[in-house]
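Trainee: I would like to learn how to read a protein structure feature by feature, and I would be glad if you gave me the general idea each time before turning to the case at hand.

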Amino acid sequence: MMMSFIKVTTVSETMIDATMIKDLMKTIRYYYYDGNPRDDCVAVQTIFLTEGKTKIEVPNPETFRTKAGDYAPSLTSVFYNPDMEFCRDISVSVAQSVSKILENIWVCDPLAGVGIRGIRYAKEVKGVLGVLVNDRSKDAFELMKKNIEMNEVGNLVEARSTDANIILFQNSGRFNFVDLDPFGSPAPFMDAACGALSKRGMLAMTATDTAPLSGTHARACLRRYWAKPLKTEYCHELGIRILIAFAQRIGGMHEVSLSPVLAHATRHYFRVYLMAIRGAQRADEVLKNIGFVSHCNFCMRRVFTRGTAVELPSNCECGGRFSHSGPLWLGELIDKQFTREVMDDLSMRNFKLKHQEILLLSRCIEEADGPPTFYDLNELSSCSGISPPKISELITAIRARGYFVSRTHFSNTGFRTDAPIEEIKEILKGV
Ligand SMILES: C[S@@+](CC[C@H](N)C(=O)[O-])C[C@H]1O[C@@H](n2cnc3c(N)ncnc32)[C@H](O)[C@@H]1O
Ligand SMILES: [Zn+2]
């Protein structure tokens with residue numbers, strides 16, 4: 001790793017407590033770009049990293065670790081999270097697959113930070129006609145411009161520094177690939193992003209507000225996504241489905257249909273890729289797959305109800321009462337053919353994390369044909385009063401009865417099946 005080190009006062013060359021950085025940031029600005037020592041600022045270390053084929057200058061992640069060892073990118077004045085390389089690699093292959101379908105694409109990265117996503121799309125995806133990278137932070141903008149120059153993609157990438165919604169509204173109907181990668185919720189940008197999509201394209205988005213979406217902060221979920229989450233063993237899946245349905249309802253306002261082709265929950269974030277096609281009828285069709293999940297805490301039964309003004313069941317067959325979550329997407333999360341294309345593309349690249357990325361996608365494909373929601377082996381075993389068998393044995397036994405069954409990328413102890421709950425329990429006791 002090379003080091004570009006512009007220093008007026010050393011912030012830290014080793015570990016620093018997050019609160020110390022916060023205190024420092026109240027009084028200082030960080031300057032990465034002019035290289036001239038100044039009295040009124042503290043410069044931060046920047047380093048050069050490579051992701052895929054793209055070289056990038058970023059704030060040194062090591063100077064933004066908390067005492068616990070976690071990297072805290074929100075503490076930097078220019079956002080860069082090295083842990084998201086995994087997500088960005090997959091995004092590059094997704095964009096390549098979209099570009100293959102549409103022949104070429106116009107891309108917008110309206111929350112770009114150092115510009116890494118947009119620049120990678122320009123440099124590593126064939127068929128990209130142009131990329132607009134934007135960040136309202138002036139420091140990010142300066143670093144972004146340096147990174148565009150360093151990667152020699154100035155002919156393809158335009159850098160701007162304004163509000164993401166403004167840039168999206170100003171470019172209505174222009175982009176085939178809009179990547180919303182905010183810190184927190186993508187909800188405030190969804191309307192403008194849907195408007196910026198052209199006739200065919202993709203809306204890619206990250207949500208790091210997994211706590212509201214998966215039921216830890218239910219009120220925040222209701223406020224942001226107009227939906228009720230539910231704390232269950234499959235709450236992350238419910239969160240992703242809430243996020244998708246929210247995007248689809250906003251898409252509907254623009255007469256854009258948004259159909260998921262790939263969605264995953266990884267570490268602290270959800271990532272969703274929605275294929276977009278303009279057309280009121282298509283948008284209506286998509287909305288038909290929005291509904292509610294009713295969950296019984298006593299016997300683990302789930303009931304799915306499609307529709308908006310629908311009556312939900314209140315009592316389970318076991319006598320327990322149902323808890324509900326929604327409105328959420330009840331359709332497929334994965335398009336197998338599309339995800340295979342992404343996997344094929346990934347397998348031809350030299351990404352450092354390629355094997356883990358392929359492993360994730362193959363698990364997504366494995367579970368693609370299953371119903372919404374999965375069961376947790378430990379929860380189900382404790383509910384049945386037995387100690388959990390090996391998950392592989394249970395899966396073999398369920399498959400032997402002719403049901404769909406698979407592991408799930410959401411959890412190592414989870415399995416997805418369309419077998420009725422009573423039969424799953426019976427099989428569980430027999431293995
Ligand atoms: C999570 S970071 C982006 C990370 C980047 N996409 C990457 O892969 O490294 C979110 C960025 O959005 C910027 N931002 C937040 N709100 C914004 C807004 N309303 N308009 C433009 N930029 C915004 C922040 O300055 C921050 O750099
Ligand atoms: Zn029940």
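This is a predicted model: local features need pLDDT of at least 70, side-chain atom pairs count only at pLDDT 80 or more; totals for chains, interfaces and linings use all residues.

Trainee: How do I read a sheet, and what is the order of the strands in the open sheet of three strands?

Mentor: Strands of a sheet pair through backbone hydrogen bonds, either parallel or antiparallel. In the open sheet of three strands the order is S12-S11-S13, and the pairing is antiparallel. Its edge strands are S12 (302–306) and S13 (322–329), each of which pairs on one side only. On average, and with direction ignored, neighbouring strands of this sheet are turned by 20° against each other.

Trainee: Which residues can I use to follow the pairing of S11 with S13 and with S12?

Mentor: Strand S11 (residues 290–296) pairs with S13 in the antiparallel sense over six bridges, and there isoleucine 290 stands opposite tryptophan 329 in S13. With S12, strand S11 pairs in the antiparallel sense over five bridges, and here valine 293 stands opposite phenylalanine 304 in S12.

Trainee: What is the strand order in the open sheet of seven strands?

Mentor: That open sheet has the order S6-S5-S4-S7-S8-S10-S9, and its pairing is mixed. Strand S6 (157–160) and strand S9 (256–266) stand at the edges with a single partner strand each, so one side of each is left without a neighbour in the sheet. The twist from one strand to the next averages 15°. For one pair within the sheet, take strand S4 (residues 105–109) and strand S5 (residues 128–134), which pair in the parallel sense over five bridges; valine 107 stands opposite valine 131 in S5.

Trainee: Which strands does helix H4 lie across, and which does helix H6 lie across?

Mentor: Helix H4 (residues 138–150) lies across S5 and S6, running at about 165° to S6. Helix H6 (residues 187–196) lies across S4, strand S7 (175–180), strand S8 (197–207) and S9, and runs at about 165° to S7.

Trainee: How do I describe two helices that pack against each other?

Mentor: Two packed helices are described by the angle between their axes and the distance between the axes. The axes of H6 and helix H9 (residues 235–253) come within 9 Å and cross at roughly 40°, and H6 passes H9 in a right-handed crossing. On the H6 side the contact is made by Ala187, Met190, Asp191 and Cys194, and on the H9 side by Phe246, Ala247, Ile250 and Gly251. Sorted by class, these residues divide into six nonpolar, one polar and one charged.

Trainee: At what angle do helix H2 and helix H3 pack?

Mentor: Helix H2 (residues 85–102) and helix H3 (residues 116–124) pack at an angle of about 45°, with their axes 10 Å apart, and the two are therefore oblique to each other. H2 passes H3 in a right-handed crossing. Here Arg88, Ser91, Val92 and Ala95 in H2 meet Ile116, Arg117, Arg120, Tyr121 and Glu124 in H3.

Trainee: Finally, how many residues surround ligand 1?

Mentor: Ligand 1 is surrounded by 19 residues, the closest being Leu111, Gly113, Arg136, Ala164 and Asp181. The shell around ligand 1 has ten nonpolar, three polar and six charged residues.

Technical notes. Residues are numbered from 1 along each chain as its sequence is written. Chains are lettered from A and ligands numbered from 1 in the order in which they are written. A residue is near a molecule or strand if its C-beta atom, placed from the backbone, lies within 6 Å of it. Ala, Val, Leu, Ile, Met, Phe, Trp, Tyr, Cys and Pro count as nonpolar, Asp, Glu, Lys and Arg as charged, and the others, Gly among them, as polar. Two strands pair if DSSP finds at least two bridges between them. Helices (H or I, at least four residues) and strands (E, at least two) are DSSP runs, numbered from the N terminus. Axes are lines fitted to C-alpha atoms, for helices over the stretch in contact, and angles run from 0 to 180 degrees between N-to-C directions. Two residues are in contact if their C-beta atoms, placed from the backbone, lie within 7 Å. Angles under 35 degrees count as roughly parallel, over 145 as roughly antiparallel, 65 to 115 as roughly perpendicular and the rest as oblique. A crossing is left-handed if the near helix is turned anticlockwise from the far one by less than a right angle, and right-handed if clockwise.
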